[in-house]
Amino acid sequence: MVQKKIPMRQCLGCREHFPKRELIRVVRSPEGAITLDFKGKAPGRGAYLCGKAECLKKARKSRAIDRALSVTVPEEVYDQLEQQMEQEGAHGE
């Protein structure tokens, strides 16, 4: 049996590659709205972050998400990302 290829994506913070399903996706919809996509199916341009707080800090400081999505990401989206990472950290340990 042929093994199915696992899609890999790069974290904008640490620049490491991870399986797509392990990352948090930030999406710019065709209408220009910025949202978090937990299913990985939302239409639009996506940027990925792993679940580490340091990676979010690096991406926020260097404006990597803004550049990847070609928009200014509102502070609310960063706050949502921080909350999501805290929740996953509590469940993962």
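Select R63 to start: R63 sits in the loop between α1 (53–62) and α2 (64–69). Helices here are DSSP runs of H or I with at least four residues, strands are runs of E with at least two, and both are numbered from the N terminus. The model is predicted, so local features need pLDDT of at least 70 and side-chain atom pairs count only at pLDDT 80 or more, while totals for chains, interfaces and linings use all residues. Residues are numbered from 1 along each chain as its sequence is written, and side-chain values use heavy atoms, with hydrogens and water left out.

R63 counts as partly exposed, at 40% relative accessibility. Buried means under 20% relative accessible area, exposed means over 50%, and partly exposed lies in between, with a 1.4 Å probe and protein chains only.

Now select R15. This residue lies in the loop between β1 (8–10) and β2 (17–19). Phi of R15 is near 65°, again positive in a residue other than glycine. R15 is partly exposed, with 46% relative accessibility.

**The start of the chain**

Go to V2, in the segment before β1. V2 is exposed, at a relative accessible area of 78%. V2 and P19 are 17 residues apart in sequence, and their C-alpha atoms are 18 Å apart in space.

**The sheet**

Select β3, β4 and β5 next. These three strands form an open sheet in the order β4-β3-β5, with antiparallel pairing. Two strands pair if DSSP finds at least two bridges between them. Which strands stand at the edges? They are β4 (34–37) and β5 (45–49); each has a single partner strand, so one side of each is left without a neighbour in the sheet. Neighbouring strands of this sheet are turned by 30° against each other on average, direction ignored. For such angles, axes are lines fitted to C-alpha atoms, for helices over the stretch in contact, and values run from 0 to 180 degrees between N-to-C directions.

Look at β3 alone. This strand is mostly covered: four of its five residues are buried.

Show β3 with β4. They pair in the antiparallel sense over four bridges. R28 stands opposite I34 in β4. R25 stands opposite D37 in β4. Then follow the chain through the turn. β3 and β4 form a hairpin with five residues between them, and G32 in that turn has a positive phi of about 100°.

How many bridges join β3 to β5? There are five, and the two strands run antiparallel. V27 has G46 as its bridge partner in β5. For R25, the bridge partner in β5 is Y48.

Pick out R45, which belongs to strand β5. R45 is partly exposed, with a relative accessible area of 48%. R45 and K61 are 16 residues apart in sequence and 21 Å apart in space, C-alpha to C-alpha.

**The cysteines**

How many disulfides does the structure hold? The count is zero, where a disulfide is a pair of cysteine sulfur atoms within 2.5 Å. C14 is in no disulfide; its nearest cysteine sulfur is that of C55, 3.7 Å away. C55 is in no disulfide either, and its nearest cysteine sulfur, that of C50, is 3.3 Å away. Is C55 buried or exposed? C55 is buried, with a relative accessible area of 3%.

**The largest pocket**

Finish at the largest pocket, which has a volume of about 370 Å³. Its lining has 17 residues, and the closest to its centre are K20, R21, F38, K39 and G40. Select those five. Then colour β3 (24–28) and α3 (75–92), the elements that give two or more residues to the lining. The lining divides into seven nonpolar, two polar and eight charged residues. Here Ala, Val, Leu, Ile, Met, Phe, Trp, Tyr, Cys and Pro count as nonpolar, Asp, Glu, Lys and Arg as charged, and the others, Gly among them, as polar.

A pocket is an open set of points, on a 1 Å grid over the protein atoms alone, where a 1.4 Å probe fits, with protein on both sides within 12 Å along at least five of seven lines; lining residues have an atom within 4 Å of a point. Grid points are joined across faces, edges and corners, and the volume is the space filled by probe spheres set on the points.
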